[in-house]
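Colleague: I'm new to this one. Could you show me how to read it, a feature at a time?

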Amino acid sequence: MGQSSRLSGFYNLSPQERKQIVVDWAALTPEQAAVLESGLALAQADKMVENAIGSYALPLGVATNFLVNGADVLVPMVIEEPSVVAGASFAAKLARAGGGFHAETTESLMIGQIQVLELTDPREAATQVTAQKQRLIDLANRVDPVIVSLHGGARDIETYVYTESPVGPMLVVHVIYDCRDAMGANMVNTACEALAPVVEEITGGRVNLRILSNLADRRLASSRCVVPASALDTAELSGALVAARIVEAYALAAVDPYRAATHNKGIMNGIDAVVVASGNDWRAIEAGAHTYAARDGQYRSLSEWSLTPAGDLLGSLELPLAVGTVGGATRVHPTARAALQIMGVTKARDLAEIIVSVGLAQNLAAIRALATEGIQKGHMALHARQVAIAAGAVGDEVDRVAAAMVSERVVRGDRAVELLAQMRRTDG
Ligand code: MEV
């Protein structure tokens with residue numbers, strides 16, 4: 001029997017106790033355990049970017065309760081915003097009551113673009129490129145025999161003609177490339193650059209751009225979960241009513257771009273946090289996600305929520321997820337390596353399946369809170385703790401001052417100072 005990620009009361013433990021549980025869970029080495037706190041040394045940072053002078057730390061939390069395709073997972077999340085890790089863990093517990101998340105990925109196909117200009121007949125040029133497709137695929141695959149030996153590499157060549165653009169007609173050649181466990185930007189860019197002179201020779205045109213597209217719509221990840229209505233019961237509302245309100249909350253994001261932007265931001269709170277923890281390129285994921293959200297011409301919710309015939313809550317999320325487990329920062333950053341080990345993933349597709357499930361959980365946490373007590377209640381409690389600490393509260397004073405401010409609904413530094421003084425007088 002494997003370990004369960006259902007770690008009840010995890011948040012009540014001290015950070016060191018939590019860390020020890022995760023270290024034991026993932027069988028991290030002492031060195032890996034140490035990098036969870038020490039992060040990136042300057043010498044390592046210097047190998048990653050230019051002009052390095054240090055590294056910038058963000059909190060690393062672990063979301064509990066995740067069950068993805070039947071496997072228990074602890075999910076490392078790097079994020080500066082309070083409530084995100086707690087929200088993901090809470091929603092994962094709700095989804096767990098219905099069997100957890102069921103996630104899938106397509107193949108790891110990325111798209112590279114080659115822009116061709118100065119063509120007398122772009123459509124004829126496209127026909128010529130298509131006629132020499134195999135030559136281009138073979139050439140791209142000679143550039144990187146390693147990815148070919150791993151059963152990846154160039155798969156197809158496609159052409160798109162723009163008859164009008166600000167600089168006139170142009171042809172775009174797409175190189176469809178299977179990146180396997182790599183994010184793939186480097187290998188796709190290299191392939192595009194290698195193909196460019198041959199594309200010029202075939203078309204008689206001039207190649208300008210040769211670059212990966214971040215709209216990775218051939219590399220999709222999706223997840224779905226069913227939350228039994230009974231799991232959504234609150235002190236004030238029946239679970240059936242909460243489920244119905246969650247569907248109403250989703251409906252606004254389905255039709256309205258102002259809400260969809262915020263709804264999707266909530267999804268990306270979860271997705272980015274795991275993408276960063278795993279050393280992947282979160283700007284690439286953001287770019288792909290938001291473009292995918294507008295794929296039918298209107299920007300919409302990336303997730304969908306509905307009621308099952310039995311009245312339970314059914315959620316699903318699909319988006320491009322070009323993440324890797326080899327190459328780039330996933331290899332170089334020691335905390336990213338530890339994060340992958342905590343999740344127990346070596347394959348990019350397994351990582352993407354966890355990430356998309358965290359996005360769905362995060363969305364559920366946000367819209368459940370919004371559709372019931374509102375988002376401020378949970379936020380207030382955390383914020384109140386920070387205000388109490390800033391006012392000088394220590395030990396159990398922090399929670400007592402914070403609780404008093406929350407119950408008064410006055411969370412301010414001056415009130416925290418007063419409450420603290422009062423408490424110390426009474427405690428004598
Ligand atoms: C805040 O970081 C994210 C939310 O605004 C998401 C949402 O509104 O769905 C709470």
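Colleague: How do I read the packing of helix α2 and helix α13?

Modeller: Two packed helices are described by the angle between their axes and the distance between the axes. Here α2 (residues 30-38) and α13 (residues 334-343) pack at about 115 degrees, their axes 9 Å apart. Helices are DSSP runs of H or I, at least four residues, numbered from the N terminus; axes are lines fitted to C-alpha atoms over the stretch in contact, and angles run from 0 to 180 degrees between N-to-C directions. This is a predicted model, where local features need pLDDT of at least 70, side-chain atom pairs count only at pLDDT 80 or more, and totals for chains, interfaces and linings use all residues. Residues are numbered from 1 along each chain as its sequence is written, and side-chain values use heavy atoms, leaving out hydrogens and water.

Colleague: Which residues make the contact?

Modeller: Contact means heavy atoms within 4.5 Å. From α2 come Gln32, Val35 and Leu36, and among those from α13 are Pro334, Arg337 and Ile342.

Colleague: Which helix gives the most to the shell around the ligand?

Modeller: That is α10, with six residues. Both α10 (257-277) and α14 (348-371) supply at least two.
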